[in-house]
Amino acid sequence: MDTIIFDVDDTLYDQAQSFHITVRKIFQEPFSDEVIDQLYKASRKYSEILFDQSEAGEISQFEWQTGRIIAACKDFNIPIDTEKAINFHETYVTEQNNITLFPEIEELLQVLFKEGKQLGILTNGEEKHQAMKIKQLGLSRWIPEEMTFISGKIGHAKPKREVFDFIEQKLGLDQTNTVYIGDNFEKDIIGAKQAGWQAIWMNHRKKELPTDATYKPDQEVHSAKELLELFLKKLTKRNQY
C-alpha cells in the first residue's frame, strides 16, 4: 500500500474521554463510568443518524449538535432541555481542544512517514471544528494540508462514493494501493470498500460485524496497539525481501 488515509474521530484519539469529562461537568448526578460509556455509545449512534439528516438538509446543524445528546439522554431517562443540550455541546467542543493522539498512533504515523508513505486524512464534520481537532492533534507533522479532506469543505460526506472519488481524482490514487482506516463500519469501511479501496476497521469499541454486511474490512484491529503492530509486521515482512 502506497497511500494510507485516516479517519480522525475515535480513530486517532479517544473521543469518549472528552465526552466523559463533559458529562461530569454538565450533569449533577454521580454517573458511573459504565453508564457514561453507554450514554456515549447512544450519543454516537444518534450523531450518525442526525448528521446524515443534516447533510441532506432535513434538519439544521444546530439540531444535529444538540439533538444527539437529547436523544441519548431520553434512552436513559435522563432529564435534559435544549438549554442544557446547548451547554453540553459547547463544553464538549471546548474539551476537544485538549485531545491527544493515542501514543501508538503517534508512533505509527512517525514510522509510516519515515517509510515515505503518502499519508492523508478524511473526516466527516463541519470544516472549522474538524480543522481545530486536526491542529490540536498536531497532524501536520506528518500530513500536509493538501492531504487533509473534511466533508464540510468538500460538500460530500462518508460513506458517499463521491467523497472517495473526489480524493482519488485529486491525488491520482491507485485504488489497489490505497487503504483507509476508520472506526465506523458504515461510514468508513463500507464507504472505502465500495470505492474499491482497502479498509482497516479500527474497532476498539469492539462492535459486532453486521450479519448482513455486503462489504467486510480487509483487516480488523481492536486497539491502537494492534494497529501499530499490524503495520510493523507488514513493514518487517516487506523489508526481509
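This is a predicted model: local features need pLDDT of at least 70, side-chain atom pairs count only at pLDDT 80 or more; totals for chains, interfaces and linings use all residues.
Residues are numbered from 1 along each chain as its sequence is written, and side-chain values use heavy atoms, with hydrogens and water left out.

Helices (H or I, at least four residues) and strands (E, at least two) are DSSP runs, numbered from the N terminus. Two strands are taken as paired if DSSP finds at least two bridges between them. Strand β1 covers residues 3–6 and runs parallel to β4, with four bridges joining the two. β1 is also joined to β2 by four bridges, again in parallel. I5 has a bridge partner on each of these strands: Y180 in β4 and G120 in β2.

A crossover is right-handed if, with the strands pointing away from the viewer, the path from the first strand over the helix to the second runs clockwise. β2, α6 and β3 form a right-handed β-α-β unit, and β4, α9 and β5 form a right-handed β-α-β unit as well.

How enclosed are these strands? For burial, a residue is buried under 20% relative accessible area, exposed over 50% and partly exposed in between (1.4 Å probe, protein chains only). Strand β4 (residues 178–182) has five of its five residues buried, so it is largely enclosed by the rest of the structure. T178, Y180 and G182 point one way from β4, V179 and I181 point the other way, and all are buried. β2 is mostly covered, with five of its six residues buried. In β5, Q198 is partly exposed, with a relative accessible area of 24%. The C-alpha atoms of Q198 and D218 are 6.3 Å apart, although 20 residues separate the two along the chain.

In soluble globular proteins, nonpolar side chains tend to be buried together. A nonpolar core is a set of buried Ala, Val, Leu, Ile, Met, Phe, Trp, Tyr and Cys residues joined through side-chain atoms within 4.5 Å. The largest one holds 32 residues, of which F6, L109 and L139 touch the most other members. β1, α5 (103–114), β2 (118–123), β4, β5 and α10 (224–239) each supply at least two residues of this core. α10 gives the most, with six residues.

A pocket is an open set of points on a 1 Å grid over the protein atoms alone, where a 1.4 Å probe fits and protein lies on both sides within 12 Å along at least five of seven lines; lining residues have an atom within 4 Å of a point. The largest pocket has a volume of about 540 Å³, the volume being the space filled by probe spheres set on the points. Of its 31 lining residues, D9, Q15, S47, W64 and R68 are the closest to the centre. The largest share of the lining, six residues, comes from α2. The lining divides into eight nonpolar, 12 polar and 11 charged residues; Ala, Val, Leu, Ile, Met, Phe, Trp, Tyr, Cys and Pro count as nonpolar, Asp, Glu, Lys and Arg as charged, and the others, Gly among them, as polar.
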